Amino acid sequence: MKTATINELKKELGTVPHAQLVELCLRLAKYKKESKELLTYLLFESHSLDGYIASVKEFIALEFDSLSTTHLYHSKKTLRKILRITNKHIRFTGSKQAETELLLFFCQKMRRSGIKIGASVQLANLYQQQLRKIEKAIESQHEDLQFDYRKQLDALTYI
């Protein structure tokens, strides 16, 4: 079976009646947790980006509070989990501002967590990769926001 392209799906969805469209969305949400989370964001939280960013930051902070710093292996696994969840929420928003703020917050929490980032090549690479992602996201922002975000980024670049 060949999968339809986005353009083909868009045209077909334009012809579907409203009630059937609702059923299709509910059926999609029923089978995949991530689809349900995305639908929840789009319906209930997309109108307030700042509120959504604040709630994701709160979640990240809670995850960092449960981070074990005694074993580097467990710390790496937990950091990758937190980053995976953070990136999922960034994809939901589709906003460079949200990407910048959430990744800056992640890196700040990572620096303050007490983990020796330089002790592990993988952690150092993960941290540097996030800084590069932040730099790219900052470049597409308005000049005033760029200045504010660059100040925060500069504070993070010195390990």
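Student: How many aromatic pairs does the structure hold?

Tutor: This is a predicted model, and the structure holds two aromatic pairs. One of them is formed by Y41 and Y52.

Student: What makes Y41 and Y52 an aromatic pair?

Tutor: Their ring centres are 4.6 Å apart, and rings pair if their centres lie within 6.5 Å.

Student: Where in the chain do Y41 and Y52 sit?

Tutor: Y41 is in helix 3 (residues 33-45) and Y52 is in helix 4, eleven residues apart.

Student: Are Y41 and Y52 buried or exposed, and how do you know?

Tutor: Y41 has a relative accessibility of 5%, and Y52 has a relative accessible area of 5%. Buried means under 20%, so Y41 is buried and so is Y52.

Student: Let's go on to salt bridges. How many are there?

Tutor: The count comes to seven salt bridges. One of them is between the side chains of R91 and E34.

Student: How do you know that R91 and E34 form a salt bridge?

Tutor: The N to O distance is 3.0 Å, and the rule asks for a nitrogen of Lys or Arg within 4 Å of a carboxyl oxygen of Asp or Glu. The pair therefore qualifies.

Student: What makes E101 and K57 a salt bridge?

Tutor: Their N to O distance is 3.7 Å, within the 4 Å limit. This pair links distant parts of the chain, with E101 in helix 6 and K57 in helix 4, 44 residues apart. E101 counts as buried at 18%, because buried means under 20%. K57, at 24% relative accessibility, counts as partly exposed.

Student: Which residue meets E99 in a salt bridge, and where are the two?

Tutor: The side chains of E99 and K96 meet at 3.4 Å, N to O. Being three residues apart in helix 6, E99 and K96 are separated by about one helical turn. An α-helix has 3.6 residues a turn, so residues three or four places apart point the same way. E99 counts as buried at 14%, whereas K96 is partly exposed at 43%. Elsewhere, salt bridges that share partners join K33, E37 and K88 into one network.

Student: Why is K88 called buried?

Tutor: K88, found in helix 5 (residues 72-93), has a relative accessible area of 15%. Buried means under 20%, so K88 qualifies. Leaving aside neighbours within four places in sequence, K88 is in contact with E34 and E37.

Student: Which residues have the most contacts inside the largest nonpolar core?

Tutor: They are F64, L79, F106, M110 and I134, in a core of 32 residues. Helix 6 gives the most to this core, with eight residues. M110 touches F64, L79, I117, L123, L126 and Y127, again not counting residues up to four places away in sequence.

Student: How do you know that helix 2 is hardly covered?

Tutor: The count of buried residues among its 14 residues is one. Helix 2 (residues 18-31) reaches 21 Å from its first C-alpha to its last, close to the 20 Å expected.

Notes:
Residues are numbered from 1 along each chain as its sequence is written. This is a predicted model: local features need pLDDT of at least 70, side-chain atom pairs count only at pLDDT 80 or more; totals for chains, interfaces and linings use all residues. Side-chain values use heavy atoms; hydrogens and water are left out. Helices (H or I, at least four residues) and strands (E, at least two) are DSSP runs, numbered from the N terminus. Buried means under 20% relative accessible area, exposed over 50%, partly exposed in between (1.4 Å probe, protein chains only). Contact means heavy atoms within 4.5 Å. The expected span of a helix is 1.5 Å times one less than its number of residues. A nonpolar core is a set of buried Ala, Val, Leu, Ile, Met, Phe, Trp, Tyr and Cys residues joined through side-chain atoms within 4.5 Å. Rings of Phe, Tyr and Trp (its six-membered ring) pair if their centres lie within 6.5 Å; planes under 30 degrees apart count as stacked, over 60 as edge-to-face and the rest as tilted.
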